[in-house]
Amino acid sequence: MQVDLGDLNAFVAVARAGGFRDAARLGGVSASGLSEAVRRLEQRLGVRLLNRSTRTVVPTEAGRGLIERLGPALHEVELALDVVNGFRDRPTGTLRLNVPMAAARLVLPALVPSFLDAYPDIVLDVVVEDTFVDMLAAGCDAGIRYEERLEQDMIAVPIGPRVQRFAAAAAPAYLARRGSPEHPRDLTAHACLGGHFAGTTPFDWSFERDGETVNVIPRGPLQVRLGGGADLAVQAAIAGTGIVYLFEDWLRPHFASGALAPVLEPWWQSFSGPFLYYPGRRLVPAPLRAFIDFVRAQGA
């Protein structure tokens, strides 16, 4: 037998208040609505639950028995709803993000420690992968992607540097041995350390200067899967194996240490920074809402 929980709540409220008007006043609802709910419940159960007169409303024997059993059960329901309300109103719980390696390395370190300090009841679960996945099907609340890889019908919030560049670099020893390219087309005569995504061919290296765009297909002794393999390409470049092409911010510490030297810097191409994306504006989980607000407040 299916019984509406709202009808049960209406019956208990009327029985405890001793009347429809008092129950309506306490609950902020209409007396006629409560009367209709109790009538519907009695019809569904096939038994009278309340004896009504012009002055009083009292439970029948069946009504008293139902209240005795319903009391503890409804209390448990209220406790369960309080837990849900906590997730809605208070930033508590787990936030699962799907992000590329570049975001895990270059964007999140500037945000995560202070975010977790501000929200100690939130657990941040970061899934790092560079394959293009369905963020929701992967069980994540939100993701970080660059504009060209954003999923459709998603809300996007800027996160991290708004302008980034790809940079080419090589070890000083390599450049002393092989010479420095003066134009991107010169890279065809160099050992290029290329990268690719899962199941794809190495991506072109793009350069731009004064309105001229040049795409180069990297040829060389090493190809790595972007993401986890990028560090290998960087270390190979530091060892003098060839020229690497990666995010400028990823390579900058090696510029500072002198392990790598910029190559073709006037041709480095700029692109827009990443976005935090998530589905819909309604019923956003409290941990995600807290993270969105934090990112916006930081101007990240």
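Visitor: Quick one to start: is Cys140 buried or exposed?
Guide: Cys140 is buried, because its relative accessible area is 5% and buried means under 20%. Keep in mind that this is a predicted model.

Visitor: And Cys192, buried or exposed?
Guide: Cys192 is buried as well, with a relative accessible area of 1%.

Visitor: How many disulfides does the structure hold?
Guide: The count is 0 disulfides.

Visitor: Where is confidence lowest, and where is it highest?
Guide: The lowest is in helix α4, residues 61-89, at a mean of 73. The highest is in strand β13, residues 261-263, at 98.

Visitor: New topic: sheets. What is the strand order in the open sheet of 5 strands?
Guide: The order is β4-β3-β5-β15-β6. The pairing is mixed.

Visitor: Which strands sit at the edges?
Guide: The edge strands are β4 (122-128) and β6 (155-158). Each of them pairs on one side only.

Visitor: How are neighbouring strands turned against each other?
Guide: By 25° on average, with direction ignored.

Visitor: Let's zoom in on β5. How many bridges join β5 to β15?
Guide: There are 3 bridges. They join β5, residues 142-145, to β15, residues 275-278. These two strands run antiparallel.

Visitor: What about β3 and β5, parallel or antiparallel?
Guide: Strand β3, residues 93-99, pairs with β5 in the parallel sense, over 2 bridges.

Visitor: Which residue in β5 is the bridge partner of Asn98?
Guide: That is Gly143. Gly143 also stands opposite Tyr277 in β15.

Visitor: Which way do the β5 residues point?
Guide: Ala142 and Ile144 point one way. Gly143 and Arg145 point the other way. All four are buried.

Visitor: Which β15 residue is the bridge partner of Arg145?
Guide: Phe275 is the partner. Phe275 is buried, because its relative accessible area is 15% and the cut-off is under 20%.

Visitor: How far apart are Phe275 and Glu212?
Guide: They are 63 residues apart in sequence. In space they are 28 Å apart, C-alpha to C-alpha.

Visitor: Which residues in α10 are buried?
Guide: Among them are Leu288, Phe291, Ile292 and Val295. As a rule, an α-helix has 3.6 residues a turn, so residues three or four places apart point the same way.

Visitor: Last topic: rings. How many aromatic pairs are there in the whole structure?
Guide: A search finds 13 aromatic pairs. One of them is Phe255 with Trp268, and that pair is stacked. The rings are 6.1 Å centre to centre, with 15° between the planes.

Visitor: Where do Phe255 and Trp268 lie?
Guide: Phe255 is in helix α9, residues 248-257. Trp268 is in the loop between β13 and β14. The pair links distant parts of the chain, 13 residues apart.

Visitor: Phe255 and Trp268: buried or exposed?
Guide: Phe255 counts as buried at 17% relative accessibility. Trp268 counts as buried at 6%.

Visitor: Which residues do ring pairs link into a cluster?
Guide: The cluster holds Tyr146, Phe166, Phe203, Trp205, Phe207, Tyr245, Phe247 and Phe271.

Key
Residues numbered from 1 in each chain as written. Predicted model: local features only at pLDDT ≥ 70, side-chain atom pairs only at ≥ 80, totals over all residues. Heavy atoms only, no water. Disulfide = S-S within 2.5 Å. Buried < 20%, exposed > 50% of the residue type's maximum accessible area, 1.4 Å probe, protein only. pLDDT = per-residue confidence, 0-100. Pairing = 2+ DSSP bridges. Axes fitted to C-alpha atoms, helices over the stretch in contact; angles between N-to-C directions. Phe/Tyr/Trp six-rings, centres within 6.5 Å; stacked < 30°, edge-to-face > 60°.
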